[in-house]
Amino acid sequence: MKLIGYFRSSAAFRVRIALNLKGIAVEHASRHLRRGEQSSSDYAAINPQKLVPALVLDDGQVLTQSMAIMEYLEEMHPEPPLLPKDSVGRARVRSLSLIVSADIHPIQNLRVMAYLRQKFEQTEESAFTWSRHWIETGFDAYEATLKQGGTGTFSHGDQPTMADMCLVPQVFNAARFKVDMQRYPLIQGIHEACMRLPAFDAAQPSRQPDAEP
């Protein structure tokens, strides 16, 4: 299989963690998002959304959207699990995952910020303020949900789940946008626990072949 991503992409970061946890080796390829390489005609033929990641299977079929890719990996390679065994636990993990992947990430990513600057004449500072606001709004909800119960060393219990694979990349983004993480002690503790695991550490942006300063 081949994973097409970008070192700083949160969505690709999620999938790299999942692959590492499950011990699945893939070929890695990069599309430089800031240079617009994802918009080329050859990549649009692979992924019409012109986003990363895309997972090209051995038979040539292409999977897109990080959440769908992680669900596929879970079905095809169930050990170690990314989701709990019980239905309520699985729903909780998916809910936490979606706080990040559906409610935070889409409205603070590269193309949204570019649109704010180009179409609404926002400055770099105001675009950053926009992003920081939505990260903090989402983290407020995530932290509050963690306090309701079910949380252990990780977002759900004492084994990493799909929720942590979504959370960790967003914490990396939060640092870029100067979010005060002291407001989120539970999130911060989970992030630190995750980064002590080789699967998370090896997936971080600075360790990718296409990494830039």
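**Sheet and helix packing in the N-terminal span**

Four strands form an open sheet of mixed pairing, in the order 2-1-3-4; strands (E, at least two residues) and helices (H or I, at least four) are DSSP runs numbered from the N terminus, and two strands pair if DSSP finds at least two bridges between them. Strand 2 and strand 4 (62-64) stand at the edges with a single partner strand each, so one side of each has no neighbour in the sheet. From one strand to the next, the twist averages 20°. The model is a predicted one, in which local features need pLDDT of at least 70 and side-chain atom pairs count only at pLDDT 80 or more, while totals for chains, interfaces and linings use all residues. Residues are numbered from 1 along each chain as its sequence is written, and side-chain values use heavy atoms, with hydrogens and water left out.

Strand 1 (residues 2-5) and strand 2 (residues 27-30) run parallel and are joined by four bridges. Ser30 in strand 2 is the bridge partner of Gly5. Between these strands the chain passes through helix 1 (residues 10-22), and the resulting β-α-β crossover is right-handed, a term applied if, with the strands pointing away from the viewer, the path from the first strand over the helix to the second runs clockwise.

Helix 1 packs against helix 3 (residues 66-76) at an angle of about 10°, the axes being 9 Å apart; axes are lines fitted to C-alpha atoms, for helices over the stretch in contact, and angles run from 0 to 180 degrees between N-to-C directions. Helix 1 is therefore roughly parallel to helix 3, the class for angles under 35 degrees. Helix 1 contributes Ala11, Arg14, Val15, Ala18, Leu19 and Lys22 to the contact, and helix 3 contributes Ser66, Ile69, Met70, Leu73 and Glu74 (contact: heavy atoms within 4.5 Å). By class, seven of these residues are nonpolar, one is polar and three are charged (nonpolar: Ala, Val, Leu, Ile, Met, Phe, Trp, Tyr, Cys and Pro; charged: Asp, Glu, Lys and Arg; polar: the others, Gly among them). Helix 3 also lies across strand 3 (54-56) and strand 4, running at about 120° to strand 4.

An unreviewed UniProt entry lists residues 1-81 as "domain: GST N-terminal"; such annotations may be inferred rather than shown by experiment. Over residues 1-81 the chain is 37% helix and 17% strand, with the end C-alpha atoms 20 Å apart. The feature "domain: GST C-terminal" is placed by UniProt (unreviewed entry) at residues 86-213. That span, residues 86-213, is 66% helix and 0% strand, and its end C-alpha atoms lie 42 Å apart.

How values were computed: Angles under 35 degrees count as roughly parallel, over 145 as roughly antiparallel, 65 to 115 as roughly perpendicular and the rest as oblique.
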